[in-house]
Amino acid sequence: MIRPLTRTAAALAGAVLLLSACDSGPGTARPAPHPVFSEPLARQVHLALRHTQKAGGAELRQTVTFTSGEDRAVQTLTGRLDFAGSRGSATSRWHLTPDFPHAARETILGTPQGPGTGDAVGRYTVDTAAIHYRAGSAGYWLRYAGDVEPLWGIDSISHLRGTEGAIGGTLLEVLSGVRPAAQRAVPGGGRSYRADFPLTEALELFPYDLRGEFVPAPLYDHLPSAPVPLTVEVDHEGRITRARADLTVLLDKKAGARSPG
């Protein structure tokens, strides 16, 4: 049976980080090597991620878009990352055009015990001790302490917790192992990198219950799979400002998915 989401939608994801300003150190007669750009190309995205984390904090905005013909389902994630304090806060909002397929709508938003679909808005805060979550329709917060393991076919609240930043499900999660194949200069003294990352890592960006709607990951991690194309932009300080990934390869093309324009 073809799952409703893979039959009706193509996918595109991008993330944008707006970073808090950092003061540069005092000038010297002989400039020190740049912490990112002076290193071999293959290591520069990894080092830019580490340099970003050392900056202390960042504003976060990420969009994920599913398309079906002219209709769209767009998730916007906005919030704040405190790298130094290992905590963060975020708001997730879904906007679906009126004619977006009903079956795919239920897959994305979930089906509660009652009429309609799940909440399109959720707010949460994450730190090392707990996750606090509030659905858009709720007048209260829920607190989850420790690690909550998922049951088979049911998502876990732990997906909201990241490894490279407090907030999970962002493109920051895939950047540590990225080895760029090319770079170019951008206005202001920064760099733009072109790279790929594995399909298995792309699946990890989504909640457990959505992963089953995409193409299967390779049975073994060392087996080849379709690469996911990625661009990463870094400012002159070596801090990540924008990342964009085309996630179309997550959808089964034989099921009729259309690549976004």
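This is a predicted model: local features need pLDDT of at least 70, side-chain atom pairs count only at pLDDT 80 or more; totals for chains, interfaces and linings use all residues.
Me: What makes T248 a buried residue?
Reply: T248 has a relative accessibility of 7%. Buried means under 20%, so T248 counts as buried. This residue lies in the segment after β11 (240-245).

Me: Why is the pairing of the side chains of T248 and D246 called a polar contact?
Reply: The side chain of T248 and the side chain of D246 come to 2.5 Å. A polar contact requires a pair of N or O atoms within 3.5 Å, one able to donate a hydrogen and the other to accept it. The value of 2.5 Å falls within that limit, and the pair is therefore listed as a polar contact.

Me: Why is A104 called buried?
Reply: A104 has a relative accessible area of 0%, and the limit for buried is under 20%; A104 is therefore buried. Its place is in helix α3. The buried residues of this helix, residues 102-109, are A104, R105, T107, I108 and L109. Helix α3 is followed by G110, whose phi is positive, near 90 degrees.

Me: How far apart are the C-alpha atoms of A104 and E213?
Reply: The two residues stand 109 residues apart along the chain, and their C-alpha atoms are separated by 9.8 Å.

Me: Why are β10 and β11 called paired?
Reply: Five bridges join β11 to strand β10 (residues 228-234). Since at least two are needed, the strands count as paired, and they run antiparallel. One of the bridges links T231 with R244 in β11. Their hairpin has five residues between the strands, and G238 in the turn has a positive phi of about 95 degrees.

Me: Which residues touch the most other members of the largest nonpolar core?
Reply: They are F66, L175, F197, F206 and L250, in a core of 54 residues. Membership requires being buried and being joined through side-chain atoms within 4.5 Å. Apart from neighbours within four places in sequence, F197 is in contact with residues including V174, V178, P227 and L247.

Me: What is the predictor's confidence in this chain?
Reply: The average pLDDT is 81, and 75% of the residues score at least 70. Over residues 6-25, however, pLDDT stays under 50, although the model has 81 contacts beyond four places in sequence for them. Residues 254-261 are likewise below 50, with 17 contacts beyond near neighbours in sequence.

Me: What describes the chain as a whole?
Reply: The protein chain has five helices and 11 strands. Buried residues make up 41% of its 261 residues.

How values were computed:
Residues are numbered from 1 along each chain as its sequence is written. Side-chain values use heavy atoms; hydrogens and water are left out. Buried means under 20% relative accessible area, exposed over 50%, partly exposed in between (1.4 Å probe, protein chains only). Contact means heavy atoms within 4.5 Å. Helices (H or I, at least four residues) and strands (E, at least two) are DSSP runs, numbered from the N terminus. pLDDT is the predictor's confidence in each residue, from 0 to 100.
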